[in-house]
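Open the model in your viewer and keep the selection tool at hand. This tour goes stop by stop, from the whole chain to single residues.

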Amino acid sequence: MNIRDSVEGIAVFVAAAEAGSFVKAAEQLALSRSAVGKTVARLEERLGVRLFHRTTRSQSLTEEGEIYYERCTKALNELREAEALLDNARHEVNGRLRVTMPLLFGRYCVAPILLELAKQYEELELDLHFSDHTVDIIDQGFDLAIRNHRPGSGTALESIKLVTQRKVICAAPSYLKRYGSPDSPGELQYHASLVFCYKGQLYPWTFCNKDGSQWVAPLTYRMQFNSYDVIADVVTSGLGIACLPDWLIRKQLSEGTLVQLMKDYPLIEFETYAVWPSAKYQPLKLRAAISSLLEKLTWVNDLSVASACDIPQIDTAKLNL
């Protein structure tokens, strides 16, 4: 048995033990309950012992599980601290940084900042993964994850809010000249909407009232897409009305090729987080990346900046290394 086989699934086991249930552990790790259960089952099979007492209503560690949990937590902490100490001892940003991020936000917002960081530190290696599927960053060996939702609470992961993303309703001047402009969300049913569909699910256009309540606008559509990038191109061509992240179409709005509609009717917002494995000491490469993202992603919420191409250069003096 090699080392990789011996440590596979340990982080998931530790999270399940600390959470007290597979369901809570799955929420904290952003995995399905089935994935957590299967990982623990494979670990038990490899060890030849039962780690949990499981019933339909409760879950607790066996005696062997208690012993294994204590050893695993110590081993994980020592491994993370050892890696961080080696990096910190060199006092330079280097090594491979594995990052997983949403496809669109990663491409337009996160990657440019990390690539700029790599230009400044020639010994820094980037391993960037773009996917809208949430992965287990510990079990799959990622140093950092960017997630468009609030992560669950727990001791296995740490997180920090990066930005608040907002969406806007927009259309091309040519469409508005031909079909007119809706004055309220209720009038969207009389227009051609360009909707986003992912895994067979249509994403609604959800508005917020002043009292905090939410409601979904009625839509009429004949085109649906699984890419906001494509929707941005189609709405600019004048084929309908779209609901898109404002940072994605900031340049078109500033140039007038798209017009924002119904500014008095705000849509729901969602927060984007940086998430990483918890450890007493963090490698310099990770600290540098998080600091850079916190500093540079402010352009997403800065309406005076048209796009990521307009963000200023990173000031390395502010990285707090």
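A residue is called buried under 20% relative accessible area, exposed over 50%, and partly exposed in between (1.4 Å probe, protein chains only). This is a predicted model: local features need pLDDT of at least 70, side-chain atom pairs count only at pLDDT 80 or more, and totals for chains, interfaces and linings use all residues. Residues are numbered from 1 along each chain as its sequence is written, and side-chain values use heavy atoms, with hydrogens and water left out.

**The whole protein**

Show everything as a cartoon. The protein has 10 helices and 15 strands. Both are DSSP runs numbered from the N terminus: helices are H or I with at least four residues, strands are E with at least two. Of the 321 residues, 47% are buried. Switch to a surface view. The accessible surface is about 17100 Å², and carbon and sulfur atoms own 50% of it. Such areas come from the Shrake-Rupley method with a 1.4 Å probe; for residues, only the protein chains shown count as cover. Contact means heavy atoms within 4.5 Å. Among contacts with a separation of 6 or more, 75% are between residues 24 or more positions apart.

**Helix 2**

Select residues 10-19, which form helix 2. How many of its 10 residues are buried? Eight are, leaving helix 2 mostly covered. Among them are Ile 10, Val 12, Phe 13 and Val 14. Now step to Gly 20, which follows helix 2 and has a positive phi, near 90 degrees.

**Aromatic pairs**

Show the rings. The structure holds 10 aromatic pairs. Rings of Phe, Tyr and Trp (its six-membered ring) pair if their centres lie within 6.5 Å; planes under 30 degrees apart count as stacked, over 60 as edge-to-face and the rest as tilted.

Pick Phe 13 and Phe 52. Their ring centres are 5.6 Å apart and their planes stand at 65 degrees, so this pair is edge-to-face. It links distant parts of the chain: Phe 13 belongs to helix 2, Phe 52 to strand 1 (residues 52-54), and 39 residues separate them. Phe 13 is buried at 0% relative accessible area. Phe 52 is buried too, at 1% relative accessibility.

Next, select Phe 196 and Tyr 203. The centres are 5.1 Å apart and the planes are at 85 degrees, so this pair is edge-to-face. Phe 196 is buried at 10% relative accessibility, whereas Tyr 203 is partly exposed at 32%.

**A charge over a ring**

Go to Arg 98 and Phe 142. The charged end of Arg 98 sits over the ring of Phe 142, 4.2 Å from its centre. The test asks for NZ of Lys or CZ of Arg within 6 Å of the ring centre and within 35 degrees of the ring normal.

Select residues 167-171, which are strand 7. Four of these five residues are buried, so strand 7 is largely enclosed by the rest of the structure. Two strands pair if DSSP finds at least two bridges between them. Which way does strand 7 run against strand 13 (residues 241-245)? The two are antiparallel, joined by five bridges. Find Ile 169: its bridge partner in strand 13 is Cys 243. Strand 7 also runs antiparallel to strand 14 (residues 259-261), with three bridges. There, Cys 170 stands opposite Gln 260.

Select Asp 229 in helix 8. Its side chain makes a polar contact of 2.8 Å with that of Arg 107. A polar contact is a pair of N or O atoms within 3.5 Å; within protein, one must be able to donate a hydrogen and the other to accept it, and residues adjacent in sequence count only if both atoms are side-chain atoms. Beyond four places in sequence, Asp 229 also touches Leu 104, Tyr 108 and Leu 248, among others.

Move on to Gly 238, in the loop between helix 8 (228-236) and strand 13. Gly 238 is buried at 16%. Not counting residues up to four places away in sequence, it touches Ala 172, Ser 174 and Tyr 175.

**Two positive phi angles**

Most residues other than glycine have a negative phi. Select Lys 199, with a positive phi of about 55 degrees. Lys 199 lies in the loop between strand 8 (193-198) and strand 9 (201-202), and is exposed at 64%. Finish at Met 262, whose phi is positive at about 50 degrees. Met 262 lies in the loop between strand 14 and strand 15 (270-277), and is buried at 10%.
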